[in-house]
Structure formats: C-alpha cells, structure tokens
Amino acid sequence: MPMLKFKFLLWLMPKLLQRAINTKPACAQYVAGKTLEFQIQTADKVGRHFRIQAGKVKSFAGLTQSPKFTLTFRTADKGFKILSAKDGKEAFLAALHDEDLAISGDFVEVLWFQGFTEY
C-alpha cells in the first residue's frame, strides 16, 4: 500500500503545481522561462520524472537518463510521508539528516524547486 500512495502522490503532484501556476500570478512569474527536468524515486528505482517548460508542469512514468537533479527516498512510505508533510522544509531537512532522502545533481535547481513547492 505505501508504494501505491507514493505513486499516486507523484502522479498528483504536477497537477497541483500546475494549478498553482494557473491561479497564482506570483507562481506563474516564478516559473516563467524556466526549463527543468528532474525525477523523484525510491532507492529501488521506482519513480517518475518531471518537466517544467513554458509555464507547464508534466510528469512521465519511469525515470529519465539526464535529470538536473534526483530526489531519492529510502522507501515509498518515507517518500510519501515527507512529500505530503505539512511542514515541507523541516520534513526535507530531517529526512536528509536521517538519510531517508538523498539528493543528487544540481543543488541550485533543488533550491529553486523548493521555492516552487512553497506555492
């Protein structure tokens, strides 16, 4: 069941981000002109990759060969809990500290994405 919840959250995430772009002018301005491809996965390589381009957020099943960054959660259950936490920044920091989350790739893009998720 945790894997199903994790996969559902990854599927839902771009829809929520796109809604923020469509309804919040500050968010639309934040992503304007941005092109980014990244992925979110578990340690056993189950996940999705995402593309932000031309003010649109899209996701695709499976992983990509050349993401700008990858968020890798130890398990699907940990991923779901961290991604759905009310205190997002604190949950991410705690997960990094506890090694429930590993980040690889361009850390500047990760910080940009964290700003995007604030909307």
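**Ground rules.** I number residues from 1 along each chain as its sequence is written, and side-chain values use heavy atoms, with hydrogens and water left out. Because the model is predicted, local features need pLDDT of at least 70 and side-chain atom pairs count only at pLDDT 80 or more, while totals for chains, interfaces and linings use all residues.

**Entry 1: strand 1.** I took helices (H or I, at least four residues) and strands (E, at least two) as DSSP runs, numbered from the N terminus. For burial I used relative accessible area with a 1.4 Å probe and protein chains only: buried is under 20%, exposed is over 50%, and partly exposed is in between. How many of the seven residues of strand 1 (residues 36-42) are buried? Seven of the seven are, so strand 1 is largely enclosed by the rest of the structure. I checked both faces, and both are covered: L36, F38, I40 and T42 lie on one side, with E37, Q39 and Q41 on the other.

**Entry 2: its partners.** I call two strands paired if DSSP finds at least two bridges between them. Strand 1 pairs with strand 2 (residues 47-53) in the antiparallel sense, over six bridges, and F38 stands opposite F50 there. These two strands form a hairpin with four residues between them, and K45 in the turn has a positive phi of about 70°. Strand 1 also runs parallel to strand 4 (residues 69-73), joined to it by five bridges; here T42 stands opposite F73.

**Entry 3: on to strand 3.** I followed strand 2 to strand 3 (residues 56-61), which is antiparallel to it and joined by six bridges. F50 turns up again, this time opposite S59. This hairpin has two residues between the strands, and A54 takes a positive phi near 55°.

**Entry 4: helix 3.** Which residues of helix 3 are buried? I found A76, G79 and I82. Helix 1, strand 1, strand 4 and helix 4 are among what covers them.

**Entry 5: helix 4.** In helix 4 (residues 88-97) I noted A91, F92 and A95 as buried. They cover an arc of only 100° around the axis, which puts them on the same side of the helix. A reminder to myself: an α-helix has 3.6 residues a turn, so residues three or four places apart point the same way. L93 and H97, on the other side of helix 4, are exposed. The buried residues pack against strand 4, helix 3, strand 5 and helix 5. E99 follows helix 4 and has a positive phi, near 60°.

**Entry 6: E109.** I looked up this residue in helix 5. Is E109 buried or exposed? E109 is buried, with a relative accessible area of 12%. Leaving aside neighbours within four places in sequence, E109 is in contact (heavy atoms within 4.5 Å) with K34, L36, K68 and F69.

**Entry 7: around helix 1.** My last stop was the lining of the largest pocket. Helix 1 gives six residues to that lining, the largest share.

Notes. The arc is that of the directions from the helix axis to the C-beta atoms.
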